[in-house]
Amino acid sequence: PQRELLVDYHGGLADAKKKLLRMIGDPATRYREDPVRIIRVVRFAAKLGFEIEAKTRSPIKEMAALLDNVPQSRTFDEMIKLLQTGHALASIEELRKQGLHRGVFPVLDVALDEAPRHDGREKFVQMALADTDRRVGEGKPVAPSFMLSCMLWHDVLDRWQKLKAGGEAPFPALQQAVDRVFDARIGDISGRGKLGADMREIWMMQPRFERRTGNAPLALVGQPRFRAGFDFLRLRAEAGELDPALAAWWEDFSLAGDDERARLMQAMREHA
């Protein structure tokens with residue numbers, strides 16, 4: 001700093017100007033030392049908008065199997081980081097580009113699945129990731145629980161509908177669907193703590209939005225996680241999964257004073 005000299009042993013400044021991401025040392029050796037570096041290469045490339053240098057890129061696909069030896073809790077944490085950079089959509093695309101689009105993250109398989117679907121999940125997940133990117137870009141907080149709730153929602157929804165069709169009551173059916181999805185996609189990795197509890201609350205809140213008479217609206221809007229549940233409902237409406245009028249009603253109700261809330265509930269009773 002006294003002589004104002006930049007000592008650049010690895011040509012990093014030149015690479016930065018070329019928007020090139022290069023591993024220091026032999027890439028294959030570095031990946032063997034810590035396979036999580038494979039995920040970090042993808043994250044940095046997506047976040048910075050850099051290209052991965054050829055020698056850094058070439059061993060990735062063949063060495064991806066080393067990630068199987070990494071504790072699931074660590075890969076789960078890396079996945080969360082990947083999706084909260086503000087460049088979640090770019091990260092997903094970079095994973096696909098590097099051949100890491102299946103099997104690395106069981107939770108992400110739903111977003112990276114290239115098989116054609118007709119249940120609206122691809123659109124819903126893309127909208128959720130875009131919403132996360134927007135919030136990060138605006139400096140707003142993002143919750144992993146909300147993002148993961150969006151990514152796994154159609155798994156829950158599919159099981160929920162099948163259980164209801166089989167004669168199960170709506171709330172017990174939803175509870176069973178949530179449990180099955182956790183077992184299939186999350187297991188014991190972070191899914192049984194606060195993150196899992198928040199995800200369950202967001203999902204279990206959804207049928208409660210259908211009840212807009214009696215004391216139900218006041219009880220729901222007073223829930224600590226109401227805003228997350230409502231944002232989830234709003235996203236479902238924007239994706240065409242339910243009537244946008246339902247989300248609009250709850251938006252008005254949540255922002256209204258006591259008199260306006262009473263009027264909105266009275267209008268619902270008369271409509272019913």
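**Terms and the values behind them**

Modeller: Helix 6 (residues 72-83) has 12 residues and spans 17 Å from its first C-alpha to its last, close to the 16 Å expected at 1.5 Å a residue. The expected span is 1.5 Å times one less than the number of residues. Helices here are DSSP runs of H or I with at least four residues, strands are runs of E with at least two, and both are numbered from the N terminus.

Colleague: What is the basis of the model and of the residue numbers?
Modeller: This is a predicted model, in which local features need pLDDT of at least 70 and side-chain atom pairs count only at pLDDT 80 or more, while totals for chains, interfaces and linings use all residues. Residues are numbered from 1 along each chain as its sequence is written, and side-chain values use heavy atoms, with hydrogens and water left out.

Colleague: Which residues of helix 6 are buried, and what do they pack against?
Modeller: The buried residues are T75, F76, E78, M79, I80, L82 and L83. They pack against helix 3 (36-48), helix 7 (88-97), helix 9, helix 10 (144-165), helix 11 (170-186) and helix 12 (194-205). Contact means heavy atoms within 4.5 Å.

Colleague: Why is T132 called buried?
Modeller: Buried means under 20% relative accessible area, exposed over 50%, and partly exposed in between (1.4 Å probe, protein chains only). T132 has a relative accessible area of 5%, and is therefore buried. T132 belongs to helix 9, and its contacts, leaving aside neighbours within four places in sequence, are L83, V142 and M147.

Colleague: What makes E4 count as exposed?
Modeller: Its relative accessibility is 73%, so E4 counts as exposed. E4 lies in the segment before helix 1 (12-17), and its phi is near 55°, a positive value in a residue other than glycine.

Colleague: Why are helix 9 and helix 14 called oblique to each other?
Modeller: The axes of helix 9 (residues 121-137) and helix 14 (residues 226-238) come within 10 Å and cross at roughly 130°. Angles under 35 degrees count as roughly parallel, over 145 as roughly antiparallel, 65 to 115 as roughly perpendicular and the rest as oblique. The two helices are therefore oblique.

Colleague: Which residues of helix 9 and helix 14 meet?
Modeller: K123, F124, M127, A128 and D131 in helix 9 meet F232, R234, L235, R236 and E238 in helix 14. By class, this contact has 5 nonpolar, no polar and 5 charged residues. Ala, Val, Leu, Ile, Met, Phe, Trp, Tyr, Cys and Pro count as nonpolar, Asp, Glu, Lys and Arg as charged, and the others, Gly among them, as polar.

Notes:
Axes fitted to C-alpha atoms, helices over the stretch in contact; angles between N-to-C directions.
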